[in-house]
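The sequence and the structure are shown first.

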Amino acid sequence: MQPRRYPPILPSAPLQPEPEPDPGRRRQRPGACTPCRSRKTKCDGARPRCSNCVRRGIIACVYADKAKAGSEVMEVLELLKSLPEEHALTLLGELREKGDATTVLSAFKERGGDGGRVSPELIDPGPSKARNHLESELMVNNSEAYPSLRPINAFVLAKSNLLRPVQRIPVEAGGSDFLAPIEIDSVGRRFQLPLSPGQEVSYCDEQLRDLQVSFWTDVDITDEFAARVISLYITTDHPILGVFSPDLFIADLVNKRNKYCSRFLFHSLMYLGCQMYTAFDKSATHHSTEFFEESERLWKKEQVSYLTMAGAVLLSLSLIGSGRDHAVLSYATQAIEMGEQLGLFEAGEAALMGPDENLPEEDKKARCYAAWGTFNWNVHVSLFYRQPGSESPNSAPLVPIPGSTHQGDSIYGSHLADDGHLEMIFPQVCRFWQIIYRAEWIYNPGHNSPPTRFRMALAEHTFRELIAWAEALPPSLLRSGDRSQHATVLHIWLHAAVLDVFRPFIGRLVGQRSRLTTFLARDSSPEAVYAASVNQLKRLVVEYRSDSAASTYSILWHTGLIYLANAMLKDTEDPEWRLYLLLCIYGYESLSRPYRISEAIVQGLLSMTMRESNMTGSEAHRIITELREGRLEGIKNDFEDGIRAKFMVDMELALEDPEKAKAENLAAQFDDLALFQDFLNRDEMEV
């Protein structure tokens with residue numbers, strides 16, 4: 001029998017002599033911190049961390065001061081309401097076991113972290129996880145479209161300010177009621193708004209400092225205000241919309257020439273730009289209405305031209321954000337018709353005479369921008385907004401994509417800041433919408449729809465084209481590294497388009513699912529691709545809302561919010577569905593100041609939520625109340641006129657009954673559904 005081997009006993013550290021107590025004073029025994037209480041160990045009560053917590057490496061050394069218990073209780077209550085059900089039940093179990101909100105919150109912070117930067121706290125330290133075998137294959141072979149992702153920490157996301165209303169503080173400056181930078185908590189948004197009172201302005205083009213705006217409009221605004229608005233639009237939305245050459249436009253704008261700038265185009269741009277600028281200057285709300293009214297007046301007098309096409313597209317987008325949706329399709333369609341008259345598109349069965357090639361290079365540049373910007377916007381409306389009556393053009397433009405020829409010349413010109421990056425964006429946007437245009441039959445069955453037996457193969461071909469497009473993007477538009485906000489928007493569009501490509505083919509029983517034939521994974525199916533793109537959309541929306549100030553004043557990315565919210569409501573078995581639904585809803589809350597359409601969309605999404613889940617009417621009304629508190633006075637008055645929103649919010653219902661799936665119709669059901677849900681809950685409580 002072998003003798004037992006015991007570990008050697010080390011001598012203890014020498015005891016430190018304790019100071020002699022003052023006999024004249026009664027000794028105060030410090031309270032124990034919550035980690036020591038939970039372990040039932042003696043605590044020396046040192047602040048900010050006791051010696052036990054220092055030795056064990058415990059960061060969340062919290063003392064249960066009864067005077068501060070109220071805020072801790074409310075914080076735990078908010079977590080219980082917003083966390084995924086599985087995590088909320090765990091938190092509730094800890095609360096029942098320990099009976100102290102401070103102790104429970106301390107343990108929660110220790111698990112999830114509570115640092116000062118967003119990214120480290122939001123990302124779990126564990127390895128990346130694929131939801132299915134096909135997603136793993138995509139992550140390996142198509143890592144630019146489907147990068148490997150470590151999971152988001154659900155506890156930290158639930159606690160972050162991404163699931164709370166944006167807090168802004170009014171600041172009087174120079175006669176305008178500016179909005180101070182967004183208050184940033186420890187976790188969540190980590191950006192500041194780009195403009196603030198007294199801040200030195202850095203324009204996209206220094207020529208704007210010489211702008212004399214009174215030449216172009218009778219609206220009472222300063223030259224600086226107009227320059228700020230134009231610069232904000234040019235650097236934020238224009239690289240993606242690209243309806244005119246910004247270099248030519250700004251040169252004529254400043255030099256008071258009418259060849260590449262017109263009063264109609266100027267007013268249409270200012271209408272959209274003022275909506276964006278409302279995010280930080282409340283006076284822009286009133287100016288936005290003035291520019292809209294003047295744009296409509298000028299439209300009636302406009303002649304067919306490239307500039308008129310560009311202005312009509314901007315007016316169409318502006319009307320979506322302001323909830324004046326009655327003319328969105330009208331302006332978009334008329335822009336296409338003008339392009340046909342100018343020979344930029346095929347007109348019906350017979351093509352008009354091709355575009356004149358004997359033009360100066362500057363005229364050709366303006367023509368290409370107008371043609372492709374108009375084409376892109378109409379395909380965009382057909383796919384993502386799915387309005388009844390919306391149709392893509394009869395053909396792609398008959399002119400080259402801007403930047404695809406004369407590679408030695410900058411398509412943005414030499415005056416614009418960072419033109420090297422900006423000039424890469426629009427050509428890639430055009431190629432993206434070309435792919436979508438060729439697959440219009442998927443979401444518009446009446447448009448050259450192929451025989452049923454070929455549809456799955458053609459949908460897979462479109463998917464292959466999309467991921468090949470993503471893999472070929474220039475480095476500045478990839479998701480890895482330091483990318484611009486425009487790159488994130490492109491990837492949001494990519495995965496929203498993938499959901500649309502496969503939406504008609506999902507929802508079948510496991511044994512009846514179609515199989516993709518060009519992938520090796522044994523679960524290669526539309527459902528697997530759909531799940532993989534939903535996973536990517538989750539991360540993209542979190543990243544964009546965390547890192548990009550444009551998430552509060554540009555509406556071009558909101559398709560990602562609608563599509564992700566729909567995916568969450570379709571899969572309420574996902575333990576995180578409620579968390580990401582709220583992420584989308586509060587994404588619209590952050591857009592509600594510049595875009596009044598946000599409230600109608602949120603009401604529509606909440607109507608769907610009450611229909612599909614057990615959300616109470618009281619909770620839904622609380623969210624709407626928070627949204628309305630962020631509105632500006634001018635927008636509040638506008639709501640009396642009602643909101644027009646004909647585009648689809650319930651994407652699955654849109655396949656069967658587009659009329660019921662409209663934003664305005666779903667929003668109209670909100671009050672009745674909320675009342676009904678509360679009635680049901682009251683009956684259940686009485687039983």
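## Aromatic contacts and selected positions

One aromatic cluster is formed by Phe-384, Phe-432, Trp-433, Trp-469, Trp-493 and Tyr-563. The model is a predicted one. A member of this cluster, Tyr-563, also takes part in a contact with a charged side chain: Arg-503 lies over the face of Tyr-563, at 5.2 Å from the ring centre. A further arginine, Arg-464, lies over the face of Phe-519, and here the distance to the ring centre is 3.9 Å.

**Aromatic pairs**

The count of aromatic pairs comes to 26. Tyr-233 and Phe-244 have ring centres 6.3 Å apart and planes at 35°, so this pair is classed as tilted. The pair links distant parts of the chain, with the two residues 11 positions apart. Tyr-233 belongs to helix α9 (residues 223-236), whereas Phe-244 is placed in the loop between α10 (238-241) and α11 (246-255). Both Tyr-233 and Phe-244 are buried.

Tyr-385 and Phe-647 make an edge-to-face pair, with 5.3 Å from centre to centre and 80° between the planes. Tyr-385 lies in helix α16 (residues 361-385) and Phe-647 in the loop between α26 (633-638) and α27 (651-654), so the pair ties together parts that are 262 residues apart in sequence. Tyr-385 and Phe-647 are also buried.

The geometry of these two pairs is set out below.

| Pair | Centre distance | Angle between planes | Class |
|---|---|---|---|
| Tyr-233 and Phe-244 | 6.3 Å | 35° | tilted |
| Tyr-385 and Phe-647 | 5.3 Å | 80° | edge-to-face |

**A nonpolar surface patch**

Phe-676, Phe-679 and Leu-680 make a nonpolar surface patch of about 270 Å².

**A buried threonine**

Thr-103 is located in helix α5 (residues 101-112). Thr-103 has a relative accessibility of 11% and therefore counts as buried, the cut-off for this class being under 20%. Tyr-63 is 40 residues away from Thr-103 along the chain, and the C-alpha atoms of the two residues are separated by 8.4 Å.

Definitions and conventions
Residues numbered from 1 in each chain as written. Predicted model: local features only at pLDDT ≥ 70, side-chain atom pairs only at ≥ 80, totals over all residues. Heavy atoms only, no water. Patch = residues over 30% accessible without salt bridge, like charges linked within 9 Å, V, L, I, M, F, W, Y side chains within 5 Å. Areas by Shrake-Rupley, 256 points an atom, 1.4 Å probe, with all protein chains shown as cover. Salt bridge = Lys/Arg side-chain N within 4 Å of Asp/Glu carboxyl O. Phe/Tyr/Trp six-rings, centres within 6.5 Å; stacked < 30°, edge-to-face > 60°. Helix = DSSP H or I, 4+ residues; strand = E, 2+ residues; numbered from the N terminus. Buried < 20%, exposed > 50% of the residue type's maximum accessible area, 1.4 Å probe, protein only. Lys NZ or Arg CZ within 6 Å of the ring centre and 35° of its normal.
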